[in-house]
Every structure is written in C-alpha cells, then in structure tokens.
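Welcome, and please open your viewer.

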Amino acid sequence: MGSGRWVGRLHPAVAGAVAGLVAGVVYLVTQLALSALAPETDTFAPLYRKAAMLMGGETAGGTTTSGAFGIALLIHFTLAAAFGRLIERAVRARAPLLAAVIGAAVGVLLYAVNFHVIAPSAFPWFADAAGAITAVTHALFGAVAGVLSVVLARADTEAAAAARP
C-alpha cells in the first residue's frame, strides 16, 4: 500500500507551534543555565515568575508549591507555541538565514512588549528580569523558531514533491 510515511504539507499553524515549542525548550534551558551562573539568584527564578502569573505574586519570590513548576511549564510552553506561530507568519517562505534574523527581531519585540509594556502593570515581579540577558534569550528564541519554521515547511514540501509520480 504505502510506506506509512506522511507526505502531506504540514499546516503552517502546526509548523509554527512545533517551532515555538522547540525554541521554548532552548530558551528555557538557556534561561535556567544563566540563572544558575548568576550570583545570589535562584536557578529556578524564571519558573517561579511564570508560575506567579496564575498563582499570584508571592510565588515569584521562590516560595513554591507542588504545582508551581507544572503551572510554570504550562504557561511557558503555551506562550512558546503561540509566539512560534506568530514568528512562523513573519518568516514564511523565507531563506533560513533571513528567517533567523526576522525571528530574532520578533523575539526582541516580544521582549520589549512583555517586559516593558505588559509586565510593569500586570506582573511587576518580572521587573528584575528585564535586562540584556532576557532580551538576548528572547532573540535566541525567535531565531530558533524562525529557522525551524522554514525548515519544517521546506522539508515537508520536499517530501511531498518526492512522493509525486
């Protein structure tokens, strides 16, 4: 019958969400590693801040409950998938290098909006995280999501073309 291999075109929303999830892992690992290197900073501070978005500001200070990490990861990866979709729209059908540049720019824009427009009024506990390292990790997120979006779309298009008689 067939090879069992799916060769249809990957829906752009799926490509963007997958790219965002992978970029979200890269971002989170980088953030946690940099937090571990910073003196007098809790390694898991980025997760506490995210959990506090739903659990309340007191969670941002490092007081954790058994569900705080799960809540933080749910928030993080939901936003990563949504932002990945946004970046996919910005980089669709571009060359990978250009997708990386555009994605990085979108990542920095997301940083600016999230940390300098939304957070000061809605989530003030993010104030201490608004800096160069967080801006750079947002650029990294955007670059990874951008490149992966176009690579996923291209690989899928090439697979579909190869399967045609």
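## Pockets, a helix and its charged side chains

Start with the largest pocket, which has a volume of about 440 Å³. Keep in mind as you look that this is a predicted model. To find the pocket, select L79, F83, N114, F115 and H138, the closest to its centre of the 22 residues that line it. Now colour the helices: α1 (12-37), α2 (45-55), α3, α4 (96-122) and α5 (132-163) are the elements that give two or more residues to this lining. Which helix gives the most to the lining of the largest pocket? That is α4, with five residues. Colour the lining of the largest pocket by class and you will find 14 nonpolar, six polar and two charged residues.

Next, move to the second largest pocket, with a volume of about 260 Å³. Select Q31, S35, R49, I133 and T134, which are the closest to its centre among the 14 residues of its lining. Helices α1, α2 and α5 each supply at least two lining residues here, and the largest share, four residues, comes from α1. By class, the lining of the second largest pocket holds seven nonpolar, five polar and two charged residues.

Now select helix α3, residues 68-91. Its 24 residues reach 34 Å from the first C-alpha to the last, close to the 34 Å expected. Show its buried residues, including A68, I75, H76, G84, E88 and V91.

Zoom in on E88, which is buried with a relative accessible area of 5%. E88 forms a salt bridge with R85, the closest N and O atoms being 2.4 Å apart. R85 and E88 are three residues apart in helix α3, so about one helical turn separates them. E88 also meets R92 in a salt bridge, at 2.8 Å from N to O. Both arginines are partly exposed: R85 at 25% and R92 at 34%. Together, R85, E88 and R92 are linked in a network of salt bridges.

Technical notes:
Residues numbered from 1 in each chain as written. Predicted model: local features only at pLDDT ≥ 70, side-chain atom pairs only at ≥ 80, totals over all residues. Heavy atoms only, no water. Expected span 1.5 Å × (residues − 1). Buried < 20%, exposed > 50% of the residue type's maximum accessible area, 1.4 Å probe, protein only. 1 Å grid on protein atoms, 1.4 Å probe; cavity = no way out; pocket = protein on both sides within 12 Å on 5 of 7 lines; lining within 4 Å. Points joined across faces, edges and corners; volume = space filled by probe spheres on them. Nonpolar A, V, L, I, M, F, W, Y, C, P; charged D, E, K, R; others polar. Salt bridge = Lys/Arg side-chain N within 4 Å of Asp/Glu carboxyl O.
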